[in-house]
Amino acid sequence: MFLTIQELRHNKLKFGALSFIIFLIVFLVLFITGLAAGLANDSGAAIKNTPATHFVLQAGSESRLSRSALTQSDWQALKQHQSLTPINVTQATIEWPEKQTKTDIAYIAVDATSFMTPKVTQGQKLSNQSTQKVVVSSKLQANGYQLGDTFKDSTTGQQFKIGGFSKQMAYAHTPVIYLNHHQWQTIFPTQKTTYNAFASKRPLSVNKHYQVISKQTLIDNIPGYSAEQSSLYLMIDFLYVISLFVLAIFFYIITLQKLRDFGALKALGTTTCYLSQHIISEIGLLTAVAILLAGGIISVISQSMPAACRLCSQHQRSSAPAFYF
């Protein structure tokens, strides 16, 4: 380590430039990894953060909620499974009457007494009573919505009141509004006996008229999710490969430049093992400094981003500083 410190002090410019290159590569990898994690959360948080592990869909729906239509007869045939509860999901637009502004959202209708009911962070829980109060994602607070505000569905003009806020739940990059099934029917009266899926907390065995899929399979089939994630992680994989080649070439050239110095040290009695440890410690020290610096800057940037641009999932932050624009 003594030789490593002395060489780094003697060649500040050369090793500083190399450390800066490593910093830029690590920063880009962390940035894109955080972007991928943030977009994944923004696309499927409303499904991922539920106790459900499996979903029953109509056969032939290709694991997509929007293509599944289950009837009241299907519910009567399957409701003996005590872990099942029906849900409806669709995307729509709401308006703020006072400001005449529109916001894209996703409606999710659930039984307010079931395990699919969202936990509220502020206000009242969702109930099955015939009221106007609904629970909405806290992501809507970035659009100016507050507890007690009234909004209306852009298509039907049906008005609802924000009774509570849940966590930053999202579906297909839109904030989620949770309704009970009675409220759902006021918006979609023609779908009184139709559900998109039945959620379950354990695997089920059903006949060929239905399709049982896992939670992750359902998330993977949200429109655009797989293409978005595969593109980003392909970029990350290429960055890893490019980084390895670039760093290997740089350190190889630097090592070649020191062959005469190594020869002199060998003549003075320095062992090959010591020289190998010197090279490894030099690479490790430069890389560690660059990684720590990149991680620190990413963390500062993620904390300085607006609240609406941050992830709410703590475990995703621990895997990478995750944020998105």
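Let's start with a pairing of strands: β6 and strand β10 (residues 174-179) run antiparallel and share two bridges. (Helices, H or I with at least four residues, and strands, E with at least two, are DSSP runs numbered from the N terminus; two strands pair if DSSP finds at least two bridges between them.) This is a predicted model, where local features need pLDDT of at least 70, side-chain atom pairs count only at pLDDT 80 or more, and totals for chains, interfaces and linings use all residues. Residues are numbered from 1 along each chain as its sequence is written, and side-chain values use heavy atoms, with hydrogens and water left out.

Back to β6. On its other pairing, with strand β8 (residues 159-166), the two strands run parallel and five bridges join them. Val-136 turns up in both pairings: it stands opposite Ile-177 in β10 and opposite Phe-165 in β8. Strand β6 (residues 133-137) has four of its five residues buried, so the rest of the structure largely encloses it. Here buried means under 20% relative accessible area, exposed over 50%, and partly exposed in between, using a 1.4 Å probe and protein chains only.

Now for the charged side chains. The structure holds four salt bridges, each being a side-chain nitrogen of Lys or Arg within 4 Å of a carboxyl oxygen of Asp or Glu. Three of them are among those in this table:

| Salt bridge | N to O distance |
|---|---|
| Arg-67 and Glu-62 | 2.1 Å |
| Lys-102 and Glu-95 | 3.9 Å |
| Lys-152 and Glu-95 | 4.0 Å |

Glu-95, Lys-102 and Lys-152 are linked in a network of salt bridges. Within it, Glu-95 is buried at 11% relative accessibility, Lys-152 is partly exposed at 24%, and Lys-102 is exposed at 60%.

Next, helix α8 (residues 272-304). Its 33 residues reach 48 Å from first C-alpha to last, close to the 48 Å expected at 1.5 Å a residue (the expected span is 1.5 Å times one less than the number of residues). Its buried residues include Leu-275, His-278 and Ile-298.

Finally, helix α6 (residues 225-257) gives the most to a nonpolar surface patch, with six residues. Tyr-252 is found in this helix and is exposed, with a relative accessible area of 53%.
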